[in-house]
Amino acid sequence: MAPQNDTLKHRLKQHPVLIILFVLYLSYLLLAGVVLPQVIKNQIPNWVTQVPKLSAEVSNVSFNPFTLTLTIEHLSIKEQLENTAINLSGAEKITANLELSSIFHQALVLSDVTINKPYGRLTKDSEGGFIWQHWTTSNEETPPKEPNQPFPMIIDQFHIQAGTFDFEDLSKPTEFKKTIGPIDLALNNLSTLPKDEGSYQLDIALTQGDYTAEFLWQGVISLDPFYSEGNLKLTNLSLRSLWDYLQDDVFFEILQGQLTLGFDYQIQKEDQLELILQNGDALVENFMVSKKGETIPLIQLQEQSVSGLSFDLTKQAVYVDQINYNQLNLALNKLSDGKIELVKVLSERPISQAAVKASEKASGKDEWTVSIGKTQLNQSAIRFVDQTTQPAAKLALSDISISVENLTTDKEQSTKISASIMAEGASHLQLNGELALFEQTGNLELDVKSFPVSVLQPYLNKTTELTIENTLFDLNGQLSMLNGVSAFDGSSQIRDIKLSNQSQKQAILAGDGIYLENIQFNQAQKSLSIGEILLDQMLYPLTVLSRQEKSTVTNLSNLVKPNDQSAIKEPTDAPQDASPADDWLVEVGQVSIKNNQLQFSDRGLPKPVYFNIEQLNGSINKLSSKNLSRADVTIAGQVNGYAPFKAVGQINPLSEKAYTNIDINMSGIAMSTFSSYSSYFLNYPTTQGKLSTELNYKLNNNELVAENHLFIDQLELGDYVESDAGLSLPLPLAVSLIQDNNGEIDINLPIKGNLSDPDFKYGSVVISAFVNVLTKAATSPFKLLASLAGSDQDLSSIEFSAGQSDLLDAETQKITNIADAMNKRSGLKLSIAGQTLQQDTLYFKQSAWHQQLRRDNVQANTLEPAYQNYLAQQAKQAVPNNAEETSALETQLIQSQQIQTASLTKLAHQRAINTRKQLIKMGIDEKRLFVRESQLNQTSERLDGVKLEVK
């Protein structure tokens with residue numbers, strides 16, 4: 001052994017360099033394998049503890065001096081709290097392989113860096129701050145530092161394997177905790193050297209209940225200058241998990257939904273940040289949103305896809321090739337406060353601590369260019385419920401297909417729109433055309449078929465008693481817009497019309513339809529023109545339901561509900577802006593009436609009345625709102641299927657000052673039709689007769705002048721009918737007075753009035769005028785007889801001289817006039833009552849006094865003492881002293897004369913007989929003349945010896 005050792009020593013002495021290398025090698029092994037790991041292990045906690053409240057632990061650090069591999073095991077960084085420590089980050093194992101080529105690159109070169117099972121934790125505290133905001137106790141602001149050049153380093157391969165990341169937010173009312181992982185990252189050729197670039201791939205898995213989302217990010221990156229390009233893809237992300245974090249900041253709840261998206265990108269930073277996204281695609285599936293805490297969805301979406309997304313930050317441009325929505329179902333509920341529930345829950349935010357602390361940032365004014373090539377909505381539905389009405393208004397839209405092409409912020413380009421919608425399962429709505437949205441200019445083709453107008457019923461309930469049933473609405477035409485001003489050219493129909501009074505359950509309008517052709521609306525020209533309005537087989541029911549003391553209730557009564565007085569604002573003294581004159585021009589070429597019917601019924605009588613005007617056909621031509629315009633009217637029909645009806649004239653109902661000049665004629669209407677009216681109001685039914693009318697109405701400036709010519713042929717009345725509403729008129733007498741010998745009644749009823757007068761009611765005025773004719777005939781028959789004889793004398797009595805029964809010449813002429821009138825009214829009978837008056841009694845007393853004077857041979861002279869003594873003796877009084885006392889005593893003695901009643905009766909009777917004889921002499925049949933019981937000592941200023949009464 002000794003020789004060998006000597007040999008080794010000898011050799012070492014011969015090669016000192018080997019000795020040095022050997023020593024260095026041993027030193028390297030000692031330093032790299034033993035000292036360096038121990039230094040690193042000791043320094044890692046020191047490096048971490050430089051940040052307050054942080055500490056670090058490492059279980060083992062080793063370095064392989066042969067492979068140049070550094071290994072750190074079980075690294076853990078913790079935050080020190082008062083009573084405990086919380087793990088913030090760490091890794092199960094970290095390995096790094098150093099390359100000797102670092103010498104040549106003048107940079108740290110690592111061939112492989114691997115972090116196995118790293119983990120991290122990020123906590124947002126209850127005050128909304130992150131943990132690192134509390135690691136420093138200094139309140140002094142740190143001045144900004146000049147940016148340093150990055151440490152030169154090259155990593156050939158960098159790996160993160162099976163990493164996890166925990167995030168928790170304690171600032172929200174509902175604490176949020178989420179673990180993200182496993183996270184795998186691979187970077188190749190990562191370099192901080194200028195213009196060096198490397199590739200990378202980041203893969204993150206996120207377990208979300210039954211779903212696992214995957215985040216894949218791969219591409220190349222350069223750190224100096226900063227540049228990266230690649231692609232990013234997120235697959236099957238649960239949107240419910242996003243809502244779990246946002247739930248305290250919103251009023252909606254995402255019940256379910258998955259998101260998949262991906263895009264290519266380029267990003268670099270030199271003078272400014274440049275970001276470009278291309279080939280972007282996104283897919284949302286099985287998406288459901290409800291009001292928070294509820295399970296009934298407001299939004300249901302089977303699928304939404306976005307393709308061809310491009311984004312350029314520098315050019316401020318966004319382009320999307322196509323967006324598709326499949327089976328999108330929306331529930332639009334209008335709440336009692338007038339807001340749409342879906343809009344409300346999506347837009348409003350709860351007041352949270354984070355929202356209070358959030359700073360408001362002014363929005364930029366730079367304009368972005370956004371273009372969407374095509375947006376397609378397929379097989380979708382909307383259900384609208386308006387809870388502001390009673391009951392709630394509902395509208396269901398289904399089979400919605402909408403296509404929007406070239407939707408852009410470019411004001412010079414137009415958008416092509418196409419839509420097809422089914423309403424209430426039957427109505428079809430279509431829309432096609434182009435529209436420049438910002439300029440509000442374009443053309444749209446509209447086609448609405450069989451839209452159920454009854455869906456508007458809840459809105460009508462607010463202000464009216466109108467009920468709409470079965471009615472359908474059609475609209476077809478072209479809507480054009482120029483700078484927000486619209487015009488329309490087309491046609492419209494309202495079909496299967498049925499309107500009724502809701503409270504009374506009575507129809508007010510029905511028919512096949514109202515058709516409007518050649519509608520031309522122009523907002524710019526303020527004009528509305530309709531070529532033709534066709535009223536096809538329309539029924540206009542007018543029903544009197546009941547009659548009250550001061551009003552009549554019809555099916556048209558109370559259609560408009562009274563206003564809520566609490567909502568009426570008190571007038572103010574502030575001046576109100578005068579509204580501009582209504583200068584719109586409205587014209588209707590022709591209103592055509594085809595087989596219309598007016599149906600009148602009166603159920604307010606003990607026996608109902610039914611009256612129809614059927615087969616109404618005709619036209620109203622050239623209606624216009626021009627004041628001087630006149631529309632020609634020609635309408636014909638039949639009353640109750642047999643009596644002709646015709647209306648001819650001119651009207652102008654559309655002008656500011658309405659004008660009417662129209663003749664309405666009806667011929668041969670059976671009077672039995674009105675029997676219930678005559679029984680109820682006049683106590684006598686009309687059992688026979690025919691009515692013909694010639695009516696003329698002139699209306700100008702609200703002043704009505706009407707001529708009502710009534711002709712009644714062969715009117716007959718039935719027996720008296722008791723009625724509380726009857727006028728107790730001697731109707732048979734009135735009829736006999738106004739009915740001529742041919743059985744004809746000819747009456748003219750002129751009417752005048754102002755329609756602006758609230759007390760003027762045309763129907764009441766006409767009825768009152770007719771009743772007045774009957775009343776005057778019945779109560780003043782002799783005036784009517786005088787008019788028939790062409791006289792203005794009072795024919796109700798015959799005057800005689802006092803105490804005489806012979807007819808005076810003047811009274812003979814009066815009797816002639818009476819006879820003439822009676823010959824014209826062969827149905828009349830005359831009752832004759834002789835009578836005496838006080839003048840006749842005085843005449844007889846004076847005659848008796850004069851006979852007494854003759855018997856006593858006394859001369860009547862008030863100045864003779866003998867006559868004065870005679871009067872005193874007869875009166876058994878003192879002798880009068882003068883002529884005045886003598887005359888008074890004489891009058892007293894005359895009044896005391898006794899006369900026989902028989903004399904007065906005989907005189908009255910003879911007067912009646914002489915009058916009767918004279919009438920017979922004039923050709924009046926004695927069967928029409930009746931002498932009544934005489935009346936004695938009547939009081940009258942005239943000597944009416946005979947009183948006449950028409951029967």
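The model is predicted. The chain has 951 residues, and 39% of them count as buried. Its secondary structure consists of 16 helices and 37 strands.

**Overall contacts**

- Taking contacts between residues at least 6 apart in sequence, 59% join residues at least 24 apart.

**Nonpolar cores**

- The largest nonpolar core contains 127 residues.
- Leu785, Leu830 and Leu919 have the most contacts inside this core.
- Leu785 touches Leu737, Leu795, Ala821, Leu828 and Val950, leaving aside residues up to four places away in sequence.
- Another core, of 18 residues, lies apart from the largest one. Among its members are Val58, Ala91, Ala96 and Leu185.

**Helix H8, a buried helix**

- The buried residues of H8 are Ser675, Ser676, Tyr677, Ser678, Ser679, Tyr680 and Leu682.

**Helices H13 and H15, a packed pair**

- Two packed helices are described by the angle between their axes and by the distance between those axes.
- Helix H13 covers residues 838-855 and helix H15 covers residues 883-895. They pack at an angle of about 105 degrees, and their axes are 8 Å apart.
- Angles of 65 to 115 degrees count as roughly perpendicular, so H13 is roughly perpendicular to H15.
- On the H13 side, the contact is made by Leu842, Lys845, Gln846 and Trp849. On the H15 side, Glu890, Leu893, Ile894 and Gln895 take part.
- Sorted by class, the contact of H13 with H15 has 4 nonpolar, 2 polar and 2 charged residues.

**Confidence of the prediction**

- The mean pLDDT of the protein chain is 82, and 85% of the residues reach 70 or more.
- Residues 353-364 have pLDDT below 50. Beyond near neighbours in sequence, this stretch has 3 contacts in the model.
- Residues 565-581 also have pLDDT under 50. For residues 565-581 the model has 1 contact beyond four places in sequence.

Methods. Residues numbered from 1 in each chain as written. Predicted model: local features only at pLDDT ≥ 70, side-chain atom pairs only at ≥ 80, totals over all residues. Heavy atoms only, no water. Axes fitted to C-alpha atoms, helices over the stretch in contact; angles between N-to-C directions. Helix = DSSP H or I, 4+ residues; strand = E, 2+ residues; numbered from the N terminus. Parallel < 35°, antiparallel > 145°, perpendicular 65-115°, else oblique. Contact = heavy atoms within 4.5 Å. Nonpolar A, V, L, I, M, F, W, Y, C, P; charged D, E, K, R; others polar. Core = buried A, V, L, I, M, F, W, Y, C linked by side-chain atoms within 4.5 Å. Buried < 20%, exposed > 50% of the residue type's maximum accessible area, 1.4 Å probe, protein only. pLDDT = per-residue confidence, 0-100.
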